[in-house]
Amino acid sequence: MTTIRHFIHGAESGEAARTLPVYDPATGEAHRQVAAASTAEVGEAIAAAKAAQPAWRASSLIKRADVFFRLRQLLAERTDELAAIVTSEHGKVLSDAAGEVSRGIENVEFAAGLLHLLKGERSEQVSRGVDVHSVKQPVGVVAAITPFNFPVMVPLWMVASAIACGNTVVLKPSEKDPSAAIWLARAFQEAGLPDGVLNVVNGDREAVDALLDSDDIAAVSFVGSTPVAQAIYQRAAANGKRVQALGGAKNHMVVMPDADIDGAAAAAVSAAYGSAGERCMAVSVLVAVGDVADDLVEGIRSRIAQLRIGPGTDPASEMGPLITREHRDRVASYVSGAEAEGATVVVDGTRKTFEGDGFFVGVSLIDGVRPGMKVYEDEIFGPVLAVVRVDSYQEAVELINANAFGNGTAIFTRDGGTARQFEFDVEVGMVGVNVPIPVPVGAFSFGGWKKSLFGDSHIYGPESIHFYTRSKVVTTRWPDHTPAQVDLGFPSNH
Ligand code: NAD
């Protein structure tokens with residue numbers, strides 16, 4: 001059986017003393033295993049990154065940009081190869097995996113603009129003969145800890161900008177689908193990245209804790225579930241590191257009475273069930289305002305009947321399996337529990353049967369959901385859409401603002417005034433207007449509010465340049481032949 005190891009200083013390494021199974025979710029078979037790094041192995045990766053950092057920092061910006069241009073080309077040319085790796089361990093359909101690669105490419109394109117991004121500021125003559133300028137310098141070694149659901153895109157969210165800024169990185173991908181990270185590290189190497197600048201350690205909590213406790217890690221970027229995000233934020237911050245920890249979500253899509261109901265139903269199906277609902281920006285709550293609910297529920301129910309669920313490698317499949325057997329069973333438990341909580345199960349996907357031992361489940365639609373029910377409160381992270389009926393726009397906004405999460409949200413309406421007011425009122429980091437999954441393009445930053453993000457920086461885009469650099473401000477005066485004077489007063493610029 002193939003063992004996926006670590007990638008340290010440009011080469012695969014690791015004794016694989018402890019391993020974890022990696023499943024093909026479409027068959028249920030543990031077809032690979034991954035080495036779980038010990039604290040000592042994580043230490044080796046950090047040492048490699050630390051040793052590589054001074055030379056990488058000293059490399060010219062043009063040389064750095066060149067790596068990203070070449071990497072972009074490699075990713076574009078080999079998207080299918082990388083997508084197949086993603087599908088073999090994550091289970092998502094190939095077209096969805098290729099879509100993830102193309103969204104990751106956006107982050108590489110952004111990083112390729114580093115000459116512009118790393119420009120400092122300068123003010124001339126802040127006092128007589130005195131100028132001030134600021135520069136952005138790298139923080140050092142960055143730890144990047146990523147979730148299973150986007151094994152290409154989320155590592156690129158972090159790694160591209162961190163490296164562009166002159167840092168070196170230790171990436172700890174999800175143990176559930178680790179092969180894509182090793183592929184990425186090799187692609188960076190092929191694109192000309194010096195050894196040691198990007199290292200990958202595989203494993204679980206032991207590896208993560210070793211990163212969080214190392215004095216040589218300056219900054220931590222994390223994306224994953226809320227309880228882990230919060231714990232990582234606290235531990236890394238207690239150890240004096242800057243940290244951004246993105247957590248889970250419960251994304252609400254509001255449909256106003258004046259919306260294009262047919263379009264909204266199609267958007268809800270795509271956004272709720274795409275990638276089997278295993279997206280942090282998936283729509284999991286549909287908020288039907290006024291009298292739209294019956295038509296909307298019917299529009300969704302009829303579309304569900306057409307969905308083709310099967311192995312991600314089958315071009316006919318629109319939705320693949322879930323990541324693990326345990327996760328599939330957990331998702332199913334929310335559907336079976338909803339009726340007892342007083343909701344109405346319109347479509348029960350857990351009754352759908354599939355051949356073989358893959359981690360498949362059908363899609364579910366649950367109407368009459370209210371706050372307080374488990375199906376409303378928890379992040380289910382599966383193909384389950386809850387419908388909450390409200391009477392007014394105001395009630396819809398209050399519902400969303402009272403929710404613990406604040407990752408993404410959307411409003412469907414034909415009224416510009418309502419859309420503008422929603423943007424103003426809603427306490428959520430990313431908002432879509434007739435766009436169900438408003439993941440910002442690479443030139444903007446991505447991040448939620450409330451329990452969807454711990455820290456103050458959003459990820460990728462402009463905020464990542466701030467996160468991965470330290471600002472240095474230099475005040476300069478050149479001798480100008482005026483007589484030197486002693487002055488014990490505090491320097492004033494008037
Ligand atoms: P997870 O929290 O289980 O794991 C994320 C990472 O943390 C993995 O690398 C894992 O090995 C590590 N980890 C897990 N438990 C740990 C622990 N106790 N201590 C230290 N490290 C630990 O998340 P997941 O199941 O891989 O991913 C799905 C979750 O990620 C969902 O909640 C989803 O909403 C969230 N997510 C959020 C975003 C976002 O941008 N906000 C994006 C993608 C996924």
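Analyst: The shell around the ligand holds 13 nonpolar, 8 polar and 4 charged residues. Here Ala, Val, Leu, Ile, Met, Phe, Trp, Tyr, Cys and Pro count as nonpolar, Asp, Glu, Lys and Arg as charged, and the others, Gly among them, as polar. This is a predicted model: local features need pLDDT of at least 70, side-chain atom pairs need pLDDT 80 or more, and totals for chains, interfaces and linings use all residues. Residues are numbered from 1 along each chain as its sequence is written, and side-chain values use heavy atoms, without hydrogens and water.

In total, 25 residues surround the ligand (a heavy atom within 4 Å). Thr146, Lys172, Glu175, Ser225 and Glu379 are the closest.

For Lys172 the distance is 2.7 Å. For Ser225 it is 2.6 Å. A polar side-chain atom of Glu379 also lies 2.6 Å from a ligand oxygen.

Domain 1 (2-247 + 452-474) and domain 2 (251-433) both give residues to this shell, so the ligand lies between them. The domain bounds come from an automatic or database assignment.

Methods. A polar contact is a pair of N or O atoms within 3.5 Å; within protein, one must be able to donate a hydrogen and the other to accept it, and residues adjacent in sequence count only if both atoms are side-chain atoms.
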